[in-house]
Amino acid sequence: MSADDVTPGRRTLLKLVGAGAVGALPAARPAAAQEPAMAGMKMPAAHPPAAPLQPGYVFFNADEAVFVEAAVDTFIPADEYTPAGTELGVAVFVDRQLDSGYGRGDRMYLMGPFMEGAPEQGYQLPLTPAELIRAGILDVEAHVQAAHKTTFDALAPADRVAVLTDLQHRRIALATVPTGDFFDVLFQLVMDGFFCDPIYGGNRGKASWKMLGYPGVGDMYANKIAQYRNKPYIVEPKSIQDFA
Amino acid sequence: MANKLKPVDVVIVGAGWSGGILAKELAPTGLKVVMLERGPAQDTSPDFAAPAVHDYLKYQRRHQMVQNVSRETITFRNDVTQTALPMRQLGAFLPGTGVGGAGAHWSGLHWRWLEWEHKMYSRTVDKYGKSFVPKDMNLQDWPVSYQELEPYYDKFEKVCGVSGKAGNLKGKIVPGGNPFEGARSSEYPTPPMTSSQSMVMFEQATKELGYHPFPVPASNCSKAYVNPDGIGLGQCHYCGHCTTFGCEANAKASPHFLMMPLARKNPNFELRTLATVLKVNLDSTGRKATGVTYVDARGQELEQPADLVVLAAFVTGNTHLMLYSGIGKPFDHKTGTGVVGRSYAYQGGGGARVLTDKNTFMNPFMGSGALGTWIDDFNGDHYDFAKAGYIGGGGISAGSNSGDPMGFHPTQPGGPQWGVGWKKSMVETYQHTTGVGHQGAVMAYDANHMDLDPTYRDIYGRPLLRLTFDWQPNELRLMQAHTEVCERIARQMVGKKDAPSIASGRPHRGRFSIVPYQTTHNTGGVVFGDDPRTSALNKYCQSWDVPNVFVLGSCVFPQNAGRNPTGPVGALAFWAADAIRKKYLKQPGRLV
């Protein structure tokens, strides 16, 4: 099956039922695996998912959700260490953060006049993070359409890696928003979604903490720092909700 | 038109360390003392309960306890040829807000400045000659010597229960401590913190190289302690969520539990939160403050008359209020005259990575804000300035602060930062890496200054404070040299004297950038001194121009040193409080 048979299913599904309503497709698939064609378009309820449902998106529209999921799974692919980022809730984390005060720029100085400054003067856009990501996704899709005649999520994995790498190194000039600003905000959100306490929607099952051997938020080490000096300290990690 | 409130005796602006100490010292006099804090109330209970407080996203990424720059910020440029633009989001430094201020979420490194660091000008000139000092470097002495301040350093250490090891006890050098420190009248209140693996390796390597490592003096409290005021501090949990977090154990000395409860014991003391001071009001002569104007939580503009005003609102807040209120002559970079806004300084940094073998384990999550081992061999005047080519020096250290993966997920050098192979790289590195860092002095120059921005305003309509700052050749040489020292120590730590090193840490080549977090050790703007031509305050932190205004904090430092500011900030607050209680209140007027 070609890539065209795979992701249009996810995209079409999201467009039909809305990004907010759809549940996760059963099990995150590694980038190379194929998705059964959804041409028949049965509603999700008829296919009980094998993996926990995505709670749905409140910020992303259908196109944005598909883009971000594909970006998340390219940044954080499934491998022997963890499932892909989407299955770990990283796209949900990004969605919720962009819908939060942070995404709305509640702690940013957004008064004009606006001017492009030197790199040392930092962010000078008149956009909130949410507006920046929205506009940037459209820009990236426009670029991918022009360069590859398809959408980002429909690219082969290696091409998705190439696009994100080019964005990271500012080798693509986006039309509306500065490439660096867009990539840096998106990348930080994705990383945060992978490593954050699961209470915020990402890092499901504390997967990244288990991977690294990070004990989580509840441990105290006054009596352990000498005892375990130069010895690995490995425990089952605990998150904020484990103590609630 | 502001509503005028009933007069009080003292207004304190800012509920951080300086303000808290003044409140605690002045409230028992029976005077009516009002403290105005722009941020919200907060306290260990209910705000810093573990483990919910170990929320890296909330505190480190979204900066819950830091100034909200949507209301007021600064504008920034590297030099006067540029247009300053707003710092639209937090970056290089994080001004505190709320009860406790930055004192509620600092790291806890608690120093006494060296004798040389009190007298940088005269000691440098004595040793190297006047022409050694670069023409554009405004090197100045403190108007207070180490010896004069020693009892106040001692007092503040005992209040905080600082954990450490004396290196110079009454003039006798004691092994295990800093052999370069000024003579101490007493040992530290609590013993040094427990070393991490990183610190053990650093200590051994630096000794092998002939340096003098010692434990960083830490207001993180190595054991439960009751201070002279009868307040208990808990033992540090080494929880690894210290810097930018409140402490669940009251182990990290902070004004909200060490000062505020004592001030509140006095019914004549009142703390008003969500109260932003806009201006210090002056009488028609311009030489006497009549009180302050502030905006309260309801958005009402209120005038609070007072006989004495104490500004304790950090470098940026204090300098801004002095400029906006017209106290003291503003610094004019074109003519090089004036004092308010002059002598801004910061702190340099950088370092080198240490990569260990797979059989060495760092347990990076076991950490505390000031948990570290330090050498002063390249600091103060312990090295040859002429050979080194820079004045000021810096501390070099290794430690364990936080292993929270949101902020610490290192990879192999040159390895992927995401995607295929990335997780493998992190898994191979997380337990097997640390760093050696440097923290260096920044001198004062006319080029680096603050004034009022001509274009941008805060939500109250006031012009923003404008910062003009860049690294100068002295600081660039210093940072380059100290990175090389860090690399040397890093190699020694893994027994690879001749291995190629991997310099890392914060960028120090090129221009200063407001973007990445570096440090909140900003200094200057309202400096103290013996000469009103080059200082805004006298030795008691009293305004030369408006004697019923005192200004506290690191804004008084004429230049910065290669170590953290809070030790002297607290000591000087006690020093100024003493001067106010024993001298000023008995006879208000100029103390010098």
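This is a predicted model: local features need pLDDT of at least 70, side-chain atom pairs count only at pLDDT 80 or more; totals for chains, interfaces and linings use all residues.
Trainee: How many helices and strands does chain B have?
Mentor: The chain is made up of 592 residues, 66% of which are buried. Its secondary structure includes both kinds of element, and the count for chain B is 14 helices and 24 strands.

Trainee: Why is chain B described as being as compact as a globular protein of its length?
Mentor: The C-alpha atoms of chain B fill a box of roughly 70 × 55 × 55 Å along the principal axes. For 592 residues the globule rule gives 25 Å, and the radius of gyration of chain B is close to that value, so the chain is as compact as a globular protein of that length. The radius of gyration in question is 23 Å.

Trainee: What percentage of the contacts in chain B between residues at least 6 apart in sequence join residues at least 24 apart?
Mentor: This percentage takes in contacts between residues at least 6 apart in sequence. Among these contacts in chain B, the share that joins residues at least 24 apart is 74%.

Trainee: Which residues touch the most other members of the largest nonpolar core?
Mentor: In soluble globular proteins, nonpolar side chains tend to be buried together. The largest nonpolar core here has 215 residues. Its largest share, 11 residues, comes from helix H14 (residues 566–584) of chain B. The residues that touch the most other members are Phe75(A) and Phe182(A).

Trainee: Which residues of chain B are in contact with Phe75(A)?
Mentor: Neighbours within four places in sequence are left aside here. Within chain A, the contacts of Phe75(A) include Leu164(A), Phe183(A) and Val190(A). From chain B, the residues in contact with Phe75(A) are Trp418(B), Gly419(B) and Trp422(B).

Trainee: Which three residues supply more than any other three of the area that chain A buries against chain B?
Mentor: Between the chains, 67 residues of chain A are in contact with 72 residues of chain B. The area buried between them is about 5600 Å², and carbon and sulfur atoms give 63% of it. Three residues supply 16% of the area that chain A buries against chain B, namely Arg107(A), Tyr109(A) and Glu120(A).

Trainee: Is Arg134(A) buried, partly exposed or exposed?
Mentor: Arg134(A) lies in helix H4 (residues 129–148) of chain A. Among the residues that Arg134(A) touches are Phe59(A), Asn61(A) and Glu64(A). A residue is buried under 20% relative accessible area and exposed over 50%. The value for Arg134(A) is 30%, so this residue is partly exposed.

Trainee: Which strands stand at the edges of the open sheet of 4 strands in chain B?
Mentor: The order in this sheet is S5-S4-S21-S20, with mixed pairing. Each edge strand has a single partner strand, so one side of each is left without a neighbour in the sheet; these are strand S5 (85–86) and strand S20 (449–457).

Trainee: Which residue in S19(B) is the bridge partner of Arg353(B)?
Mentor: In strand S19 (residues 433–440) of chain B, 6 of the 8 residues are buried, so this strand is largely enclosed by the rest of the structure. S19(B) pairs in the antiparallel sense with strand S18 (residues 394–399) over 4 bridges. Strand S16 (residues 348–355) also runs antiparallel to S19(B), joined by 8 bridges. In S19(B), Arg353(B) has as its bridge partner Gly435(B).

Trainee: What is the phi of His63(B)?
Mentor: Most residues other than glycine have a negative phi, and most peptide bonds are trans. His63(B) is found in the loop between helix H3 (56–61) and strand S4 (74–77) of chain B, and this residue is buried, at 13% relative accessible area. The phi of His63(B) is positive, near 55°.

Trainee: Which residues does the cis peptide bond with an omega of about 5° join?
Mentor: Another cis peptide bond, with omega about 15°, joins Ser45(B) and Pro46(B). In chain A, Pro113(A) is found in the loop between helix H3 (90–98) and H4. The cis bond with omega about 5° joins Gly112(A) and Pro113(A).

Notes:
Residues are numbered from 1 along each chain as its sequence is written. Chains are lettered from A and ligands numbered from 1 in the order in which they are written. Side-chain values use heavy atoms; hydrogens and water are left out. Two strands pair if DSSP finds at least two bridges between them. Helices (H or I, at least four residues) and strands (E, at least two) are DSSP runs, numbered from the N terminus. A nonpolar core is a set of buried Ala, Val, Leu, Ile, Met, Phe, Trp, Tyr and Cys residues joined through side-chain atoms within 4.5 Å. Buried means under 20% relative accessible area, exposed over 50%, partly exposed in between (1.4 Å probe, protein chains only). Contact means heavy atoms within 4.5 Å. The radius of gyration is taken over C-alpha atoms; the globule rule is 2.2 Å times the number of residues to the power 0.38. Buried area is the accessible area (1.4 Å probe) that two parts lose on being put together, summed over both.
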